[in-house]
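Please look over the sequence and the model shown below before reading on.

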Amino acid sequence: MLDHILSILIFFPALAGVLGFVVHKDSMRAYGIAVSIIEFALSLWLWFAFDNGVSGMQFMEQLPLIPAFGVNYILGVDGISLFIIILAAFFTMIGIASLTDTKDVKNMIVTLLFLQMTMVGVFAALDAMVFYVFWELSLVPMLYIIGAWGGEKRIYASIKFFLYTFAGSLVMLVGVLFMAYFYYQATGQWSFAILDWYRLILPESFQLWLFAAFFLGFAIKVPMFPFHTWLPYAHGQAPTIGSVILAAILLKMGTYAFIRFSLPLFPDASTFFMIPIAVLAIIMIIYTAMVAYAQKDVKQVVAYSSISHMGVIILGTFALNVEGISGSVFLMIGHGVVAGALFLLVGVIYDRRHTKLMSEFGGLASVMPKYATIFGIMMMASVGLPLTINFVGEFLSLLGFYQQSHILTLLAGVAIIVGAIYMLTAYKKMFFGKVTKEENKHLPDVNKRELIALIPLVMITIWLGIYPKVLLGPISNSVESIVQLMHDKAVSHEAKIRIPNLSEGVEIITISQQGGH
Amino acid sequence: MEIGLNHYLVLSTILFSIGLVGVMRRKNLLMLFFATEILLNSVNIAFAAISHYYGDLTGQMFAFFVIAIAASEVAVGLGLLIVWHKRYNNIDLDYLNTMKG
Amino acid sequence: MELFLYTALFSPLVGSLFAALFSMSAKTKWAGIVPSILLGVSLTSSTILLFFVLGTNSTLHVEMMTWMETGGLYIPFGFVVDQVSVTMMMVVTLVSTVVHVYAIGYMDHDKGFNRFFAWLSAFVFSMMILVMSDNFAGLFIGWEGVGLCSWGLIGFWYQKESATWAANEAFIMNRIADLGMLIGIFLIYWNTGSLQYDIVFPAMATLDTTTLVWIGIFLFIGAMGKSAQFPLHTWLADAMEGPTPVSALIHAATMVTAGVYLVVRSNELYALIPNVGLFIASLGAFVAIFAATMALVNRDIKRVIAYSTLSQLGYMFAAAGLGAYWVALFHLMAHAFFKALLFLGAGNVMHAMDSELDPFKMGGLGKGMKWTMIMMTLASVALAGIFPLAGFFSKDLILEAAFVDHHLIIYGVLLLTAGLTAFYSFRIIALIFHGKDRHTALGFHPHEAYKFMLIAMSPLLLLAIISGFLFKGGFFEMVTTLLPATEYHIHDHLTYWIMTIGTQVFVIASIFYAYKKYMSPDIKVPDGTSAMEQSFKYKLLINQYYIPHFYAEYLVKPYRELSTIFWEKIDMKVVDATVDGIANAFYTTAEQTRGMQSGNLSTMLKWMVAGLIGLLSLAVVFGLAARHSDSIVIMLSGLGV
C-alpha cells in the first residue's frame, strides 16, 4: 500500500466525492468528515514513513500515459512538497469540520473533495503534463465554490479568478511544451518528467524566455504584484471555506512551482531575474501592506496581508541559498496555517453579524474574550512574533536574501513594521474600545465546533514556532540538493557566484537522480 | 486564332465574377441559386479546360462531382425555398434574418 | 545548577500560564498569589545562581534544544548565566516579585485581575529569556516577547482609546527599531557564520571596521527602540496609560533597560568601534537633558517619572558609550530599584486620588500617606544622587567617567541634568505631599495603600538606600571578570573633592529651590492663564518639543493618506482597471463586431466575398514575396534595416 500511497492520497478523495453523490443529505457532513480524517491520517502515515535522511524523491510511482510523447504519470514527494500535502489534507479536514449552515452542503463537500484531489495532485506530480492537468483542474472546484456560495459579486469574482489564472497558465503551458521540445532536441527522446529536465542544461538565452513563460503562470497564481487584483475579489466574495483553502493551499502552488520548476530548471535565468523579482516582491510587501491598512473590511485586510506575506516567500525563494529557500518553504506552511486560521476567524464573526466591516464592531474583547484571544494569537503570528510559526519562515527568508542584497533586505524588512501597523490597527478597531453597537452586546463567544477547528491551528502555530526542526530538517535537506543542483547546472559566472556550492551536496545529487529512474 | 487555355480561363473568370456579383447583389433567393450555379459552372469550365490542357482526367472527374453535388444542393435548396415561400409568401433575402447574432 | 537555571527561567512562565487559565473567569486571588510565589521561586533560584557565580567565579552555559537549523545556520535555545546576565536576572526577578505582590493590592478591584497577572508573568519570562539567552536570536525572542507583553499591558484597559493607541504606538515604534536589530543580526550571521555570543565576539576582531561599524549601528538602532532613545522616545511617555505596576516594572526597571543590556553585552564589539561608542554617549547625554527639560513642566506625575526614566537611560547610554560598561550596568541596577519604588509610590498616590495624576490638584497628601511620602522622598533623593543613597554612587561614577575621558561637553550636560533631575523630582514631591491641601476642595478623599503593598515596597526602599555603598565594590569585582575593568579615578584628590562636593551642593540647591517654589501656599491649579504658561518655553516643553505632533502630522497622517491613495487610486483605478481594461477590450470588440452577424444572408455573403478577396490577395502577396525573397533582402539591407 505504501508503494502507491501518493496515488491513494490523490484519488481517494475523488472517489469518495463521486460516492458522495449517493449519500443522503443529512449524513453528508459526517461522511465528509470521515473521508477527510482518513485522508489526513493517510497523509500523516506518509510523513511517518518518509525517510528524513533522503533528500531526493520518495514514494515514486510511474505509469506510462502517452509513451510516444514521453508523458508519464509520475508521482513522488520530497521534503518540500511533503508538508504542503499534509497541510492540504489538514485544511480540508478542518474546513469540512467547521462548515456552518451552508446551503447545499452535499455539493459543497463533494466539491471540496475534488479540490483536495487536485491540490494533492499538484504537489505530488513529477511530470509536467500531469502537473499542468492538476494545476488547471484545481481552478474548477474553486470557481464553483466562489460562484455558487459566494457573496453579491460572486459571478464577477469567480470569472475573474478563473480567466486571470487560466490566461497565465496557458503561457506556462507553452513554456512546458517548449521545454519538452528542447529536451527532445537535446536527447532525441520526448520527456515531460521533471527529474529528466533537471539534468538538461540550457543556454542562458533559452532560459530567459522559458523562465518568463513559466513566471507569468506562477506569478499570477502567487499572486505577485501587479497581477494580484483577482485575489481581493476572490477572497471578498468566497465563502469562508473557500478563502481558507485558497489562502492556505492554492496560493502556495505558485511559490511551490517556483522552487520545483523555475529555480532548478533555469538557474542562470533565476540569477538574472533575481533583483527585478526581489524589487517586485518588495513592492508587493510594502504596497499591499499599506493597501491592507486602508481597508474597511476585515476580510480584505487578511486578503491583502496574504499578498504581503507571499512577497516575503518570493524573496526567500530568490535568495537562491539554503537558508532563504528553506525559510520560504517553511513560511509557505506557516502562512498557510496563519492565514487559514485568520480567515476562519473572520468567518466566525461573519456568521454572527453577517458583516465584515470593521466599523460595525469595536469592543469585542469584552463580549467574546476567547475569540479575541485566539484572534490575538493569530494576529501576533501573522505579525511574525518569535516563537510563532511565521517568524521562523520570515526570519530565514530575510536572512537568506541578506546574502544577496543588503539594501533590498532592509527594504523588505519593512514588512515587519507595516505588518504590525495594519494588523494592530485592525485588531484595535475590532476588539478594543467600548461596545457601541447594540447588536454586538450579546454576541455568543466561539462555540465548540469552531474551537475544534481553531485550537489545533493555535497549537500548530506555537508548536512549530518553538520546534520548527521537525519540518525544517527534511525541508532543508531537500533544499540543499536543489541548491547544489542549481550550482552545478549554472552556466554563467554570475550564477556560479550567487548560488552557493555546498561541498557535501554532491553525493545527495546522485541519490536524487537515482530516485528519478 | 486558336482557342487556347487562356480563353477558357478568361471565360471562367468572367463567369465567376458575374456569379460573385450576383451572389452579392441579388435579394431574391431564387436568383441567388442561379448565381451560385453560375459560380460553380465557371469553376467547372476551368476544371475541364485545365484537365484537357494537362491531359489529366482528374479535373474532368472533379467537374462531374461538382455537377452532381450542385444538383443535389439545388434540390434541397429549392425544397426549402418552396416551404419558406408557402409559409411567408415571399423569398426576399432581407426577411431571412433569424440567424441574427 | 542547571536545575536552578531552568527553575529561574520557567517558573514565571508556569505562573503566567496558571493565571491565563483563569483569564476569562471571574477574579480569583490565586491568579495573583500563585504567580507571585513562583516569581519568588525564580528569585530564589537566581540568588542561588548569583552565589554560585560569585563563589566559583565560573559561568553556567546550557543548551536546551535546537531551535532552527538549516544550511549553515544553527540556533539553539541556549542559556548562559554569567556575571552580566546574573545581575540582570537578579534585578528582573527582584523587582518583578515586588511588583507582583504590590499588584495584588493595586489591581484588587479590577475586573481583569487574572488577565493582568498572566501578562505580567509572561513579561518576566520574556525578560528572562532576553537576558539569559546565549545568542542573538534568543535575545531577539525575548526582545519581541517583552514588546508583546508591553503591548498587552499598556493596552490593558482596552476600553480606553488612549490606552490602546499608546499600546499600538509602543509596539510599532519598537518594531521600527527591531528591524534595525534584525539587520544587525543578519550582518553578524553572514560575517561570522554564527549567532552564539561565544563565537561571534571573538570573531569580531578579524572583521574590517566598516562592517563592525554597521553592525554596531544596527544593533544600537534596536537598542534605541527598546530604550526609547531619541527619536524613538515618544512611546515611553504615552505608555504611562498602562496600570502603574506595569510602568514600574516594564517602563522603568526592566524592559527599557534592555537596550543598555544589549550594548553592555556587545561590549567587545563596541570596544572595537569607539566612534560609534562616542555617538552613543553623545546621544545618551542629549536624551538625558532633553527628557529632563520635558519633565520640568509636565503636569502628570507618571509622565514626569517616565521622562526621568528616559533621562536616566540617557545616563546609562552615556556611560556605556564611553566604554564604562560596568558603570552603566551598575546604574541600571540602582536605577531599577529606586525608580520602581518611585513608580509604586506614585501608584499609591493614584490609588488614593482616584487615578488623578495632576500634582497641582493634590498638595498636603503627606499627612494621610506618611509611608508613601517617606518612600517617594527617599527614592527621589536616590534619584537625585545624594550621598549615601544608591544614585550617588552610580551617577557620580558616570560623571567621573565622562570627566576622566575628557569628554567635557558630555560631562557638563550630564552635570546640568543632575540638577534638573533633582529639581523636577522634588517639584512633584513638594506638590503632592507638601504645601496647602488642594484636593479636598475637588472632592478627593485620599487614604494610605494596603499595608502589604507598603511592605512589598520595602525591599526596594532598602535597596535604594544601601545598594550603592554596599554593592559597589563587590559588583565591580564580579562583573569586571567579563567587562572591561576600567576604574575611573580622578588622580588629583583636590579636583575629586571639589567635583564631588560641588555636584552635591548643586543638586541639594536644586532640591531646595524646588521645595521653596512649590511648597508655597499660593500654588493653584493652573488654568492656562498665567504668564509662564503663555511663554514659548513652557509651550515648547509641555508639548514635548512638538515631536509627537510632528509624528502625527508628518508621518502618521501621510501614511494613512498614502494608504488610501494606494488602495483607491492605484490598486483600484490603475492596476485592477488595467486588468479589467484588457478583459473589457475583448468584450467591447465582441460587442461591436457582433453587428456583422446581422442574420441577413446577403450581408453575410458580402462578408464572405470580402474574406475571400482578402485571403486571395494575401496569398498573392506571400507568393510574390517568396519568389522574390532574395531581392527583397537585398533591398531591405540597402535601406539599412
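In which strand of chain A is A:Phe59 found? A:Phe59 is found in strand E1 of chain A, residues 58–66, where helices (H or I, at least four residues) and strands (E, at least two) are DSSP runs, numbered from the N terminus. This is a predicted model, in which local features need pLDDT of at least 70 and side-chain atom pairs count only at pLDDT 80 or more, while totals for chains, interfaces and linings use all residues. Residues are numbered from 1 along each chain as its sequence is written, and chains are lettered from A and ligands numbered from 1 in the order in which they are written.

The phi angle of A:Phe59 is near 55°, a positive value in a residue other than glycine. A:Phe59 counts as buried because it has 21 C-beta neighbours inside 10 Å; a residue is buried if 20 or more other C-beta atoms lie within 10 Å of its own, exposed if 12 or fewer, and partly exposed in between, with C-beta atoms placed from the backbone. In chain C, phi of C:Gln544 is likewise near 55°, a positive value in a residue other than glycine, and C:Gln544 sits in the loop between helix H22 (536–542) and H23 of chain C. C:Gln544 has 20 other C-beta atoms within 10 Å and is therefore buried.

Chain C also contains cis peptide bonds. One joins C:Phe230 and C:Pro231, with omega about 5°, and C:Pro231 belongs to the loop between helix H8 (209–226) and helix H9 (234–238) of chain C. Another joins C:Phe387 and C:Pro388, with omega about 0°, and C:Pro388 has its place in the loop between helix H16 (370–384) and helix H17 (390–404) of chain C. C:Phe387 lies in the loop between H16 and H17 of chain C, and because it has 16 C-beta neighbours inside 10 Å, C:Phe387 counts as partly exposed. Leaving aside residues up to four places away in sequence, C:Phe387 touches C:Phe392 and C:Gln504, contact being defined as C-beta atoms, placed from the backbone, that lie within 7 Å. The C-alpha atoms of C:Phe387 and C:Gly468 are separated by 9.2 Å, although these residues are 81 residues apart along the chain.

The next subject is helix packing in chain A. Two packed helices are described by the angle between their axes and the distance between the axes. The axes of helix H14 (residues 322–353) and helix H19 (residues 448–466) of chain A come within 10 Å and cross at roughly 150°; axes here are lines fitted to C-alpha atoms, for helices over the stretch in contact, and angles run from 0 to 180 degrees between N-to-C directions. That makes H14(A) roughly antiparallel to H19(A), given that angles under 35 degrees count as roughly parallel, over 145 as roughly antiparallel, 65 to 115 as roughly perpendicular and the rest as oblique. Residues making this contact include A:Val337, A:Ala341 and A:Leu344 of H14(A) and A:Ala453, A:Leu457 and A:Ile460 of H19(A). By class, the contact of H14(A) with H19(A) has nine nonpolar, two polar and one charged residues, where Ala, Val, Leu, Ile, Met, Phe, Trp, Tyr, Cys and Pro count as nonpolar, Asp, Glu, Lys and Arg as charged, and the others, Gly among them, as polar.

H14(A) also packs with helix H20 (residues 469–489) of chain A, at an angle of about 135° and with the axes 9 Å apart, which means that H14(A) is oblique to H20(A). Among the residues that meet are A:Ile325, A:Val329 and A:Phe330 in H14(A) and A:Leu472, A:Ile475 and A:Val479 in H20(A). The contact of H14(A) with H20(A) has 10 nonpolar, two polar and one charged residues.

How do the chains meet? Of the two pairs of chains in contact, chains A and C share the most contacts, and their contact takes 39 residues from chain C and 46 residues from chain A. On the side of chain C that touches chain A, H6(C) gives the most, with 14 residues, and that side has 22 nonpolar, 10 polar and seven charged residues. The contact of chain B with chain C takes 12 residues from chain B and 10 residues from chain C. No contact joins chain A and chain B, whose closest C-alpha atoms lie 23 Å apart. For the complex, the predictor gives an ipTM of 0.91 and a pTM of 0.89.
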